[in-house]
Amino acid sequence: MGVNSSSKKYIEEFEIYLKSEKNFSSNTVRAYIGDVFTFLIWADNLNVDEIDTKKFSEYLYFIQKINYTKTTVARKIASIRAFYKFLYQEEIIDSNPADAIRAPKRPKSLPDFMSEEEVENILRNVKIETPAGYRNRVILELLWVSGMRISELSGLNYENLNLEQNEIKVLGKGSKERIVLIPDKTKENLKNYIDNVSDLIYKTKKTPQSPLFINYNGFRLQNQSIRKALNEVVQKIELPKKVTPHVFRHSFATRMLENGADLRIVQELLGHASISNTQIYTHISNSRLKSVYEASHPRA
């Protein structure tokens with residue numbers, strides 16, 4: 001079993017296509033390429049133009065027997081469909097046999113979120129007596145008030161800041177830029193980090209291209225370091241739910257809608273390409289409203 005040389009060449013070209021034309025993140029590219037490799041290894045050295053719809057159906061049956069989640073199966077099928085769409089567009093194959101394959105519907109689930117009190121509890125319990133602790137406090141506060149993704153926040157440079165206008169320019173998915181807003185209190189905390197704290201972590205010349213958040217070696221702070229700092233606080237206060245940096249983003253969106261923000265505004269602040277991605281937060285708001293009503297109304 002294996003992948004023949006011509007198929008490997010097509011996969012390499014597909015990878016370049018995903019990176020340069022589709023602007024997929026490195027994690028998504030890695031997942032897609034891995035899915036395609038796994039499929040072609042299963043196909044046992046068949047050329048890409050020798051695989052027909054029947055073979056795809058057999059593979060779908062095969063991966064469903066492995067007890068993958070519906071989400072994983074859906075992604076694997078999406079990867080293969082994207083690969084064969086690419087082959088067809090490049091005229092490497094005459095027809096696209098993957099068009100007829102439909103992945104199972106992904107289960108709809110509401111994203112986790114925190115109440116304002118839970119977020120404030122986390123922020124209060126970050127130890128700010130050390131430079132790294134103060135930095136971590138500012139980072140978590142930014143996640144809460146801006147709705148940024150963790151990768152967007154860790155990727156910030158000084159040139160992204162327009163603190164006079166309380167604005168931060170973010171590079172989101174697909175290399176799309178957007179502006180997020182921060183309140184005055186967060187701005188002052190961020191300015192204090194820049195002016196008084198960052199040099200205590202590692203003193204270096206700040207250029208527009210310098211990373212905003214750094215570690216003790218002067219390098220850009222990585223996502224895993226932010227996750228680790230958050231986990232330590234959550235474990236300390238024994239918060240009875242799983243909290244990730246992305247939960248801050250969900251909490252931001254939920255809070256905005258509960259306070260009357262327009263759905264299109266929240267879509268813009270989150271950087272969602274489609275309004276449907278933002279609409280799920282209305283379900284959270286409605287669900288929470290119903291639970292509050294049932295707990296509070298005497299006739300509920």
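Residues are numbered from 1 along each chain as its sequence is written, and side-chain values use heavy atoms, leaving out hydrogens and water. Because the model is predicted, local features need pLDDT of at least 70 and side-chain atom pairs count only at pLDDT 80 or more, while totals for chains, interfaces and linings use all residues.

Start with the whole protein in cartoon view. You will find 12 helices and 3 strands; helices (H or I, at least four residues) and strands (E, at least two) are DSSP runs, numbered from the N terminus. The C-alpha trace spans about 65 × 65 × 35 Å along its principal axes. Of the 300 residues, 42% count as buried, meaning under 20% relative accessible area, with exposed being over 50% and partly exposed in between (1.4 Å probe, protein chains only).

Next, select helix α5, residues 116–124, and show its side chains. Glu118, Val119, Ile122 and Leu123 are buried. Look down the axis of α5: these buried residues fall within an arc of 140°, so they line one face of the helix. The arc is taken from the directions from the helix axis to the C-beta atoms. On the other side of α5, Glu117 and Arg124 are exposed.

Finally, go to the open sheet, where the 3 strands run in the order β1-β2-β3 with antiparallel pairing. Two strands pair if DSSP finds at least two bridges between them. Select β1 (161–162) and β3 (177–181) to see the edge strands, each pairing on one side only.
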